[in-house]
Amino acid sequence: MSDPERLLEVRDLRVCFQTEGGVVKAVGGVSFDVDRGEVVAIVGESGSGKSVTAMTLMGLTRSANASFQGSARFEGTELIAAREDQLRRIRGARIAMIFQDPMSSLNPVQRVGEQIVEQIRVHDHAISKRAAGERAITLMARVGIPQARERARSYPHEFSGGMRQRAMIAMALSCSPSLLIADEPTTALDVTIQAQIISELKQLCEETGAAVILVSHDLGVVADIADRVLVMYGGRIVEQATLDELFYDPQHPYTWGLLGSIARLDRDRTQRLPAIAGMPPSLVNPPEGCHFRPRCPHAFERCTQVPGLDSRLAQGSGHLDRCWLSPEQKRKLRSVEGVIGLASDETVIA
Amino acid sequence: MGRFVVRRVASTIGVLIAISIFTFLIFQAIPNGDPALRLAGRTATQTQIEAIRHTWGFDKPIYIQYLRTMEKIFDGSVVSYNQGFNVEEEIRRDLPVTASLALGAGFIWLALGIVFGALSAWRAGRWLDRGLTVLSMIGVSMPVFFLGAVLAYYVGDKWGVLPPGDYVKLTEDPWGWLEHLVMPWFALSVLFIGVYSRVLRSTILDNINDDYVRTARAKGLSERQVMIRHVLRNSLIPIISLWGLDFASVIGGGAILTESVFNLHGVGQYAAQSVQALDIPSVLVITMFGAFTVVLLSAIVDVVYAALDPRIRL
């Protein structure tokens, strides 16, 4: 019954952390699928649970004060309940991860080449040190590091930020994973490097057939590479759509706010960049009903009940959202001064 | 590297000059510090004292006295005012004792400090960690003169397990050497083990949340590989530099208490005796020797540091 193209099936994933301030419900029931070779982006602001979701798939959020519910099946293995030694064989080999800050994500006292070799050899016990070294150099050359042979002997601090992230990508791809999780891979980089890294990442994944989960708060980055987008807010997915659907027919007011706050060249320069008013919700005491309700200018009585993540457009459409408004209402409300955006309270009153 | 050596040599010379002047001046300020009085003995007449003052040059201006003493130190002819022995020969005789003490103890405190610190961090917050924390607090607050005396009395005299003191030459009786040093080694190490394990524990716990450790886990390394290859490797760097300096201070005569309690005729005990006798030449030489070992070891530490952490340039 399972679809051979289906790589990852996440069902009702919940992650809680016990803290001194109470139980933080970081992820509150997230379900999504990733197909082979597909690029799925998870977008949302800080604290929306996007990184926790991604890291939980790798078992990197496991700790004494964390608790998990739900399931995540990856290539026939249940990740959430997996034993540590099972997970270890998957980490780096079948699922690899790239982190946000390449400055601190590489070990400062180990040569870059050695760090890649370490990853290769931990999953391939048969390979010789020399062969692994050669493979590391090939990988570094492939991700666009010039003079890879010499650079493999360098230490991370001798690399620029972009080069370090390339080295991280080389390391992540070293065991030909079928899923690559990229957690804000370009956030710490210069804007000019961001675009390069993203397009290289996309190309490399197309070549190797790896699927990507791209975690980002930057819709610009997402637009370059994603096939599908999940918008997260307050630990829940509030909208799930293909890239085109999301940009041209967004259904959730939070998505409107995100789209409206992108800096655009065609906007009047004298205006302030629109922002979503208010603060992200507390995950210890989340608001009742829709988590976006306190910040939503279009909220009404029904919003105190949690809307399901359903298709409210055509029957059987993959475009899902968590908003009680009807598609017609949404089409009308999301137009702010001719472009998509979240109306501010004043505009609504006026 | 060349520039590093030049800089270090220059600063070593500076430190030695400063420390020798300072030590020399202290003796001018100490009451009853006039060496002529003590050299002359109790029943000396004023004329005898004056004569001694003249022959030893104590009537010259201070800076001349200082320069003369330094000259003697550097041609190796400086003698003690009290016994008239050559100071440098004394130190040469005492150094193997102190070196034996320092090497054994240094090895013990480094090894046990690392083991306890790593265990403590690995089990942070659990019973093993709490137990080790209490132990290290006891170790840190236990004075050597007490611990050493208790050990020497019970283990040495009362139960007769180990000899309670004295030094046996390694070349004459290796087993006796070991037997005589085991207790001093432990007595001296206890404090350092406590300090090192606490420092290592907190460094490890700082590093364990670093991004590169998360990367190491994401690579699929086992928890042990993550700890040893990534966390410990980075956390040991400060421990190594700490060790270099502590080791240097013990070699330079810093283990005064341990050497005295176990009657080891080392540099530390020599220092204690010289200070008691207000013997300027020997105190001066020992102080300079101690300062020299500290400066030398800290230069070595810097070289090792740079080798361990490639971000550091000499």
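Q: Is Cys296(A) buried or exposed?
A: A residue counts as buried under 20% relative accessible area, as exposed over 50% and as partly exposed in between (1.4 Å probe, protein chains only). The relative accessible area of Cys296(A) is 14%, so the residue is buried.

Q: What kind of model is this, and how are residues numbered?
A: Side-chain values use heavy atoms, without hydrogens and water, and in this predicted model local features need pLDDT of at least 70, side-chain atom pairs count only at pLDDT 80 or more, and totals for chains, interfaces and linings use all residues. Chains are lettered from A and ligands numbered from 1 in the order in which they are written, while residues are numbered from 1 along each chain as its sequence is written.

Q: Which cysteine sulfur is closest to that of Cys296(A), and how far away is it?
A: A disulfide is a pair of cysteine sulfur atoms within 2.5 Å. The distance is too far for a bond, and the closest sulfur belongs to Cys323(A), at 6.3 Å.

Q: Which cysteine sulfur is nearest to Cys303(A)?
A: Cys303(A) is buried, at 8% relative accessibility. Cys303(A) is in no disulfide; 6.0 Å away lies the nearest cysteine sulfur, that of Cys290(A).

Q: How many disulfides are there over all chains?
A: A disulfide is a covalent bond between the sulfur atoms of two cysteines. By the distance rule, the count over all chains is zero.

Q: What is the radius of gyration of chain A?
A: The value is taken over C-alpha atoms, and the globule rule is 2.2 Å times the number of residues to the power 0.38. For 350 residues a compact globule would have a radius near 20 Å, which agrees with the value for chain A, 21 Å.
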